[in-house]
Amino acid sequence: MNYRQNVGYKVVLTADRTLMSEYNSFLFLGFSACIPKGLIPDWFYYSMFCPSVEANKDGSVKYAPCGIRKIEAVLLNNGFKRDEVVVAHPDHLDKVVGPNTMILGITENDPLALGPASSTFTQVLGGDGYMKVKFKEILNNRTVQRYKPKIIVGGPGAWQLEDSSIRTELGVDCVVVGEGEKALDSIIKKVTNGEQLPGLVHGEVVIEDEIPVIREPTIDGIVEIARGCGRGCAFCVPTLQRYRCLSIEHILKEVDVNLRAGRRPLLHAEDVLRYKAKGLSVNKEAVISLFRTVRNHPGVDSIALSHFALSSVASAPEVIEELSRIMELNGKDGNWLSGQTGLETGSPRLMRAHMGGKCKPFNPEDWPQVVVDAFQILSDNFWVPVATLIIGLPGETDEDVDLTIELLGRLKRFKSLLVPLFFVSEGGLASTTKSFMVENITRKQNELFLKSWMHNLDWAETFLQECFLINSPVKWFVLRRFFAYSISKSKDFIRLCENEYDYDLPAMIRVARAGKVRWLPFPFQFIYDYLRLRHYEKRRLKADISD
Ligand code: SF4
């Protein structure tokens with residue numbers, strides 16, 4: 001064991017295991033971390049869906065979430081030495097935490113599984129989300145418990161720990177809600193001087209010049225090109241209100257860091273199409289120049305992106321056309337591009353009430369047509385949207401849901417995925433509204449929920465053909481089989497709900513939980529039950545031994 005392993009690094013940064021995966025290069029499969037643990041055996045989930053990023057012998061990781069890399073860069077820029085800070089794999093904390101460790105910084109997206117995707121999956125399927133389970137595992141890690149460094153949690157899901165009683169129960173010393181760069185300095189000083197840490201810090205918005213360049217590569221080569229949004233949706237977190245863009249020089253430096261580690265750049269912003277935009281209109285020259293510069297950068301042979309807004313797509317079809325040309329997309333053999341976007345609702349009334357800014361430069365009344373036009377433009381140019389829908393927005397009526405269902409019908413022909421999520425009370429609506437609960441779901445909302453999934457299942461067969469070009473033939477074979485059966489059984493499940501339960505999903509879930517609805521044909525269900533049983537037996541045995 002070397003010196004560091006004996007005494008630990010001064011600052012250890014990590015994230016739960018679900019964030020330490022590249023999801024077989026399909027970042028949208030990250031949604032699977034929101035499904036409840038126990039639905040499929042852990043070994044299957046972690047080896048097939050969520051394989052771990054590589055860990056070095058010393059416990060550090062080769063690739064890490066972008067947010068952690070930014071904090072690592074701030075520390076190194078502010079005088080910490082390389083051998084005082086480590087970005088560690090959560091399964092190897094015993095190698096990096098020791099008596100010298102002052103701070104364990106954890107980045108979390110959804111620590112209590114309260115985010116829209118987790119709460120939707122766990123309400124429908126029961127149980128605890130993987131992210132929550134794995135976050136608690138870090139807190140309860142034996143070495144962490146032994147040396148008791150100050151535990152500081154940040155990241156997009158930090159808001160879930162604002163309540164002091166929750167922090168006390170979990171043993172979290174300080175939570176940083178918002179941007180971490182500026183908050184870090186005073187936290188470090190307080191820890192170094194042995195002063196009491198504030199339980200909750202609201203991190204200030206950082207100006208673009210103060211956003212550091214990462215030193216080490218990120219998961220899936222993510223490169224931040226802009227921060228914030230500015231469209232002002234009522235339920236969004238306040239830190240997204242201010243929109244800032246990073247310079248091309250800054251972006252290229254981060255592209256280089258990732259290229260050296262063999263990662264193609266994945267450009268990340270809440271809406272990549274608004275790069276250097278003034279206000280809410282697309283700055284065509286700036287976004288095209290960004291993509292062209294990155295694409296022509298030595299060593300770059302492809303680009304991916306994270307999010308875009310449908311209103312930006314509809315307002316600038318020529319930009320989408322040009323970007324597709326730059327990225328040489330042709331739709332053949334999976335040569336298309338996917339990205340996440342917010343569709344949210346087909347109701348202009350709800351758009352006006354909660355998300356007027358999302359429609360701009362169009363009006364809320366135009367929204368359904370904007371969505372259809374955007375899907376058409378994306379389809380013509382080989383882009384595949386993964387679009388979220390919100391069920392249970394405050395004030396949603398059956399008429400609103402009908403409008404969304406009608407809109408879904410118009411989207412049927414476009415290769416896409418729709419992710420229906422239950423409304424979570426956040427941001428400006430946190431004090432005046434409650435999150436949507438599945439007990440209150442109406443027949444119409446059920447219909448919307450299931451029709452969204454039917455849309456996905458109809459397209460899933462195409463995705464299976466085009467996407468699963470995974471290197472490992474065994475993994476490819478197993479995943480294809482698994483998905484093919486799941487698709488067919490899930491379709492049966494939805495048809496059953498439609499025909500026999502008249503879209504009464506809660507009633508059907510009750511029956512399914514009682515084991516009266518089978519997901520898989522007999523031989524597969526038998527093998528699945530057997531493996532699940534063995535998995536739980538093993539865990540019980542382990543727990544008995546450690547007791
Ligand atoms: S468009 Fe998205 S990121 Fe922007 S304010 Fe609305 S919900 Fe937030």
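How many bridges join strand 13 to strand 14, and in which sense do the two strands run? Six bridges join strand 13 (residues 383-391) to strand 14, and the two run parallel. This is a predicted model: local features need pLDDT of at least 70, side-chain atom pairs count only at pLDDT 80 or more, and totals for chains, interfaces and linings use all residues. Residues are numbered from 1 along each chain as its sequence is written. Helices (H or I, at least four residues) and strands (E, at least two) are DSSP runs, numbered from the N terminus. Strands pair if DSSP finds at least two bridges between them.

- Axes here are lines fitted to C-alpha atoms, for helices over the stretch in contact, and angles run from 0 to 180 degrees between N-to-C directions.
- I390 has L421 of strand 14 as its bridge partner.
- I391 is likewise bridged to strand 14, with F422 as the partner.
- From strand 13 the chain passes through helix 17 (residues 398-411) to strand 14, in a right-handed β-α-β crossover. Right-handed means that, with the strands pointing away from the viewer, the path from the first strand over the helix to the second runs clockwise.
- Strand 14 is mostly covered, with six of its six residues buried. Buried means that 20 or more other C-beta atoms lie within 10 Å of the residue's own; exposed means 12 or fewer, and partly exposed is in between, with C-beta atoms placed from the backbone.
- L417, V419 and L421 point one way from strand 14, while L418, P420 and F422 point the other way; all are buried.

- A six-stranded open sheet has the order 2-1-3-4-5-6, and its pairing is parallel.
- Strand 2 (85-87) and strand 6 are the edge strands, and each pairs on one side only.
- Neighbouring strands are turned by 20° against each other on average, direction ignored.
- Strand 3 pairs with strand 4 in the parallel sense over five bridges. Within strand 4, V153 stands opposite I106.
- Strand 4 also pairs with strand 5 (residues 174-178), again in the parallel sense, over two bridges. The bridge partner of I152 in strand 5 is C174.
- A right-handed β-α-β crossover takes the chain from strand 4 through helix 8 (residues 164-170) to strand 5.
- Four of the five residues of strand 4 (residues 150-154) are buried, so this strand is largely enclosed by the rest of the structure.

**Helix packing**

- Two packed helices are described by the angle between their axes and the distance between the axes.
- Helix 11 (residues 284-296) packs against helix 13 (residues 317-326) at an angle of about 10°, with the axes 10 Å apart.
- That angle makes helix 11 roughly parallel to helix 13. Angles under 35 degrees count as roughly parallel, over 145 as roughly antiparallel, 65 to 115 as roughly perpendicular and the rest as oblique.
- Helix 11 makes the contact with K284, V287, I288, F291, R292 and R295, and helix 13 with V319, E322, L323 and I326. Residues are in contact if their C-beta atoms, placed from the backbone, lie within 7 Å.
- The residues of this contact divide into six nonpolar, no polar and four charged. Ala, Val, Leu, Ile, Met, Phe, Trp, Tyr, Cys and Pro count as nonpolar, Asp, Glu, Lys and Arg as charged, and the others, Gly among them, as polar.

**Backbone features in loops**

- The peptide bond from K360 to P361 is cis, with omega near 15°. P361 sits in the loop between helix 15 (356-359) and helix 16 (367-380).
- A113 is not a glycine, yet has a positive phi of about 55°. A113 lies in the loop between strand 3 (103-107) and helix 5 (116-125). A113 counts as buried because it has 24 C-beta neighbours inside 10 Å.
- D220 is another residue other than glycine with a positive phi, near 55°. The loop holding D220 runs between strand 6 (200-203) and strand 7 (222-224). D220 has 25 C-beta neighbours inside 10 Å and therefore counts as buried.

Technical notes:
Two residues are in contact if their C-beta atoms, placed from the backbone, lie within 7 Å.
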